Amino acid sequence: MMFRSSRREVLAAGAGGAVALSGLPAFAAGQGEGRRPGYAIVGLGMYADVILPRFAECRHSRLTALVSGSMDKARAWGARWGVPERGLYTYDTFDTIRDNPDVDIVYVILPNGMHHEYTLRAAAAGKHVVCEKPMANTAAEAESMIAACRAAGRKLMIGYRSHFEPANREAMRIVRDGELGRARIVTAETGFNIGDPAQWRLNRALAGGGSLMDIGIYSLQAARYLTGEEPVAVTAVESTDRTDVRFREVEDTINFQLRFASGTVANCVSTYGSNHNRYRVVGTEGWLDAEPATAYAGNRLRLRRGRETVEHTPPALAVNQFSGQLDHLSQCVMTGAEPIVAGEEGLKDMRIIEAIYRSAAEGRTIAL
Ligand code: NAD
């Protein structure tokens with residue numbers, strides 16, 4: 001993956017042209033006209049409600065189907081988002097989506113523990129898949145999802161939206177281009193104070209784990225995409241009050257340290273007890289600080305270079321992160337290119353997450 005051409009991104013945005021995110025395959029002029037891949041959204045919850053309005057800003061994607069536990073709910077959402085009756089499914093009728101030529105891509109926005117099953121069913125129906133993070137409950141499930149999509153000759157992308165967001169892309173570019181000198185210490189903190197003890201995020205079977213699976217994964221992702229490196233060792237410490245009714249099955253706080261081959265170290269916070277959304281990279285010649293770092297909008301960067309600290313405005317992109325992500329997979333489907341956040345990227349995180357849990361459980365550093 002390359003993220004160097006921020007100038008190109010500015011030009012593309014300024015020209016109102018195709019979504020020319022740097023490192024992403026450009027969508028050749030005219031190629032998308034008359035043929036915009038259709039999406040089925042599976043799971044009509046909070047995040048589906050964030051995604052659905054974004055089709056309006058897509059240039060290469062359209063919404064053609066909805067899949068819900070209840071046909072009444074599917075109809076109500078269909079009426080709101082312009083999906084006709086022939087594009088409405090329940091989880092029971094989902095497999096018949098194979099017969100719907102308007103659906104090219106299935107977007108799985110279900111609880112984590114259901115990602116594996118629905119990705120396999122989508123691939124078996126001959127559809128490309130975008131699956132929300134975390135990719136699955138386990139690395140073994142993630143491997144079988146990759147294998148199923150590969151065997152079906154279909155694309156698999158993970159919903160890592162920060163890779164399509166201007167401030168995060170600019171932060172990647174700044175760090176990887178060496179504008180801070182050599183990256184030494186990364187600090188990444190993500191967390192929130194979780195409420196309702198009855199929600200699926202606190203159920204082990206549906207969530208796969210606690211804060212690390214849901215929100216700490218953003219710290220892990222940031223440490224990896226900012227440096228462009230893979231960790232070689234991980235050390236983790238968990239702190240969970242098991243008398244708190246929310247944490248009967250999953251962890252609250254699990255902080256972890258990643259060591260990279262270059263010597264860079266990342267200190268990461270993952271918690272369900274307090275609100276955090278920040279990262280910082282300190283290099284030999286300056287630092288970068290992002291807060292909020294991975295919000296839906298309004299992410300902010302500050303830079304320290306020499307003796308100056310400045311607010312830094314990233315180059316604009318042609319579209320918001322959600323539409324950019326949707327259109328990227330559509331373009332990959334049309335051109336045959338691989339998504340910049342393919343299933344293999346999700347699998348890497350799942351393997352590191354399993355090592356983090358093992359490190360905390362065994363009280364020792366785990367080599368990766
Ligand atoms: P949610 O609880 O709001 O929605 C989940 C949907 O799944 C609901 O419509 C629910 O009815 C349905 N569902 C089907 N079977 C269910 C079951 N057995 N238990 C509970 N719900 C069931 O959750 P959400 O916040 O929309 O999260 C869904 C997925 O999206 C998760 O994997 C989450 O990690 C991911 N997510 C990603 C982002 C992001 O920024 N990329 C943001 C939020 C959530």
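**Helix packing, buried sites and cis prolines**

Gly178 comes after helix α6 and has a positive phi, near 80°. Helices (H or I, at least four residues) and strands (E, at least two) are DSSP runs, numbered from the N terminus. The structure is a predicted model, in which local features need pLDDT of at least 70 and side-chain atom pairs count only at pLDDT 80 or more, while totals for chains, interfaces and linings use all residues. Residues are numbered from 1 along each chain as its sequence is written, and side-chain values use heavy atoms, with hydrogens and water left out.

Helix α6 spans residues 166-176, and nine of its eleven residues are buried, so the helix is largely enclosed by the rest of the structure. Buried means under 20% relative accessible area, exposed means over 50%, and partly exposed lies in between (1.4 Å probe, protein chains only). The buried set consists of Ala167, Asn168, Arg169, Glu170, Ala171, Met172, Arg173, Ile174 and Val175. At the start of α6, a side-chain oxygen of Glu165 comes to within 3.1 Å of the backbone nitrogen of Ala167. Arg173 lies in α6. Its relative accessible area is 11%, so Arg173 is buried. The side chain of Arg173 makes a polar contact with that of Glu170, at 3.0 Å. A polar contact is a pair of N or O atoms within 3.5 Å; within protein, one must be able to donate a hydrogen and the other to accept it, and residues adjacent in sequence count only if both atoms are side-chain atoms. In an α-helix there are 3.6 residues a turn, so residues three or four places apart point the same way.

Two helix pairs were examined. Axes are lines fitted to C-alpha atoms, for helices over the stretch in contact, and angles run from 0 to 180 degrees between N-to-C directions. Helix α4 (residues 115-124) packs on α5 at about 10°, with the axes 9 Å apart. The two helices are therefore roughly parallel. Angles under 35 degrees count as roughly parallel, over 145 as roughly antiparallel, 65 to 115 as roughly perpendicular and the rest as oblique. His115, His116, Thr119, Leu120 and Ala123 of α4 meet Glu141, Ser144, Met145, Ala148, Cys149 and Ala152 of α5. Six of the residues in this α4-α5 contact are nonpolar, four polar and one charged.

Helices α8 (residues 211-227) and α10 (residues 343-362) have axes that come within 10 Å and cross at roughly 110°. They are therefore roughly perpendicular. The α8-α10 contact divides into nine nonpolar, one polar and four charged residues.

Ser359 is in α10. Its relative accessibility is 0%, so Ser359 counts as buried. Beyond neighbours within four places in sequence, Ser359 is in contact (heavy atoms within 4.5 Å) with Val234, Thr235, Ala236, Arg364, Thr365 and Ile366. Ala65 lies in strand β2 (residues 62-68). Ala65 is likewise buried, at 0% relative accessible area.

Cis peptide bonds join Lys133 to Pro134, with omega about -15°, and Glu291 to Pro292, with omega about -10°. Pro134 sits in the loop between β5 (128-131) and α5 (139-152). Pro292 sits in the loop between β12 (286-290) and β13 (301-305).

Key. Ala, Val, Leu, Ile, Met, Phe, Trp, Tyr, Cys and Pro count as nonpolar, Asp, Glu, Lys and Arg as charged, and the others, Gly among them, as polar.
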